[in-house]
Amino acid sequence: MPTIAQLKKGERAIIKEFSVDLVPLKLLEMGCLPGNEVTLVQLAPFEDPLYLNINGSHLAIRKETAALIEIELTP
């Protein structure tokens with residue numbers, strides 16, 4: 001299953017699932033929940049962190065954390 005860490009710039013996806021124990025509570029509070037749309041807006045120079053748009057909220061997360069969140073790509 002693909003993860004947020006595998007998105008390319010501009011790609012959109014729907015968050016499918018992740019382990020609540022491994023993902024920081026702060027991300028859940030900011031809308032990083034199953035069923036929400038995520039778009040990769042920008043990559044930092046060394047591809048870490050990733051700058052995302054999740055349902056209109058902009059946030060940056062580490063690639064290590066993004067690899068824990070499974071997605072389904074949208075056309």
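1. Read along the sequence, the protein chain follows the pattern β-α-β-β-β-α-β, with 2 helices and 5 strands in total. These elements are DSSP runs, numbered from the N terminus: helices are H or I runs of at least four residues, and strands are E runs of at least two. The radius of gyration of the chain is 11 Å, close to the 11 Å that the globule rule gives for 75 residues, so the chain is as compact as a globular protein of that length. That radius is taken over C-alpha atoms, and the globule rule is 2.2 Å times the number of residues to the power 0.38.

2. The model is predicted: local features need pLDDT of at least 70, side-chain atom pairs count only at pLDDT 80 or more, and totals for chains, interfaces and linings use all residues. Residues are numbered from 1 along each chain as its sequence is written, and side-chain values use heavy atoms, with hydrogens and water left out.

3. Taken along the principal axes, the C-alpha atoms fill a box of roughly 30 × 25 × 25 Å. The accessible surface comes to about 4,600 Å², and 54% of this surface belongs to carbon and sulfur atoms; areas come from the Shrake-Rupley method with a 1.4 Å probe, and for residues only the protein chains shown count as cover. Of the 75 residues, 33% count as buried, where buried means under 20% relative accessible area, exposed over 50%, and partly exposed in between (1.4 Å probe, protein chains only). Among contacts (heavy atoms within 4.5 Å) between residues at least 6 apart in sequence, 54% join residues at least 24 apart.

4. The 5 strands make an open sheet in the order 4-3-2-1-5, with antiparallel pairing; two strands pair if DSSP finds at least two bridges between them. Strand 4 and strand 5 stand at the edges, each with a single partner strand, so one side of each is left without a neighbour in the sheet. From one strand to the next the twist averages 40°, with axes as lines fitted to C-alpha atoms (for helices over the stretch in contact) and angles from 0 to 180 degrees between N-to-C directions.

5. Strand 1 (residues 12-17) has antiparallel pairing with strand 2 (residues 37-43) over 3 bridges, and Ala 13 has Val 38 of strand 2 as its bridge partner. Strand 1 also pairs in the antiparallel sense with strand 5 (residues 70-73), over 4 bridges; here Ile 14 stands opposite Glu 72.

6. Strand 2 and strand 3 are joined in the antiparallel sense by 5 bridges. In this pair, Val 38 stands opposite Ile 54 and Thr 39 stands opposite Asn 53. The hairpin of these two strands has 6 residues between them, and Glu 47 takes a positive phi near 60° there.

7. Strand 3 and strand 4 likewise pair in the antiparallel sense over 5 bridges, with His 58 of strand 4 as the bridge partner of Asn 53. They form a hairpin with 2 residues between them, and Asn 55 in the turn has a positive phi of about 50°.

8. In a regular strand the side chains alternate between the two faces of the sheet. Strand 3 has a covered face made of Leu 50, Leu 52 and Ile 54, and an uncovered one made of Tyr 51 and Asn 53.

9. The largest nonpolar core has 20 residues, and those with the most contacts inside it are Ile 4, Leu 7, Ile 15, Val 38, Leu 52, Ile 54 and Ile 69. Strand 1, helix 1 (25-29), strand 2, strand 3 (50-54) and strand 4 (57-61) each give two or more residues to this core, and the largest share, 3 residues, comes from strand 3. Such a core is a set of buried Ala, Val, Leu, Ile, Met, Phe, Trp, Tyr and Cys residues joined through side-chain atoms within 4.5 Å.

10. Leu 40 lies in strand 2 and counts as buried, at 1% relative accessibility. Leaving aside neighbours within four places in sequence, Leu 40 is in contact with residues including Leu 7, Gly 10, Leu 50 and Leu 52. With the corresponding exclusion, Leu 7 touches Ala 13, Val 38, Leu 40, Ile 71 and Leu 73.

11. Thr 65 belongs to helix 2 (residues 63-66) and counts as buried at 14% relative accessibility. Beyond its neighbours within four places in sequence, Thr 65 is in contact with Pro 24 and Leu 27.
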